[in-house]
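Hi everyone, thanks for coming along. Please take a moment to look at the sequence and the structure on the screen, and then we'll walk through them together.

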Amino acid sequence: MAAYPPHVGTIGDKIRIEHSLTINCGNLECFHRAKLDLEDIAARFGANLPVADLVARAVCAECGARWPRLSISVSVDNAPRVVSVSRTE
């Protein structure tokens, strides 16, 4: 296991590029997931907070697990959608 979570930017970066973050618990008896409120985190800890620091300090709300049992998923909220076009002849 890595000694420290990998760097994936700051909370402000994720807000600016419209990504969302989900914390995932890897405890085999838990597997809790929670989508993070990035605006609230930025207000409390500053937009320059590295995501890796957040993960390193995070605690699972269900079982109390910490890094390295916690991981983070980054989702793209503004991804383009592919719409199929049906042709009628």
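**The sheet and its helix**

Let's begin with the strands: β1 and β3 run antiparallel and are joined by 7 bridges. Before going on, a word on where this comes from: it is a predicted model, in which local features need pLDDT of at least 70 and side-chain atom pairs count only at pLDDT 80 or more, while totals for chains, interfaces and linings use all residues. Residues are numbered from 1 along each chain as its sequence is written, and side-chain values use heavy atoms, with hydrogens and water left out.

Now the overview. The protein chain has 3 helices and 3 strands, where helices (H or I, at least four residues) and strands (E, at least two) are DSSP runs numbered from the N terminus. Starting at the N terminus, the order of elements is α-β-β-α-α-β.

β1 and β2 have 3 bridges, in the antiparallel sense. Asn-24 has Arg-33 in β2 as its bridge partner, and Thr-22 stands opposite Lys-35, also in β2. On the β3 side, Ile-23 stands opposite Ile-72.

Is β1 mostly covered or mostly open? It is mostly covered, with 7 of its 7 residues buried. Buried means under 20% relative accessible area, exposed means over 50%, and partly exposed is in between (1.4 Å probe, protein chains only). In a regular strand, side chains alternate between the two faces of the sheet. In β1, both faces are covered: His-19, Leu-21, Ile-23 and Cys-25 are buried on one side, and Ser-20, Thr-22 and Asn-24 on the other. For the protein chain of 89 residues, 29% count as buried.

Next, helix α2, residues 38-45. Its buried residues include Leu-38, Ile-41 and Ala-42. An α-helix has 3.6 residues a turn, so residues three or four places apart point the same way. The face turned away from the buried side carries Glu-39, Ala-43 and Arg-44, which are exposed.

What do the buried residues of α2 pack against? They pack against α1 (11-16), β1 (19-25) and α3 (51-57), a contact being heavy atoms within 4.5 Å.

Finally, look at the two ends of α2. At its start, a side-chain oxygen of Asp-37 comes within 3.3 Å of the backbone nitrogen of Glu-39. Phe-45 is 34 residues from Ile-11 in sequence, and their C-alpha atoms are 9.3 Å apart in space. Just after α2 comes Gly-46, with a positive phi of about 95°.

Terms used: Polar contact = N/O pair within 3.5 Å; in protein donor to acceptor, adjacent residues only side chain to side chain. Pairing = 2+ DSSP bridges.
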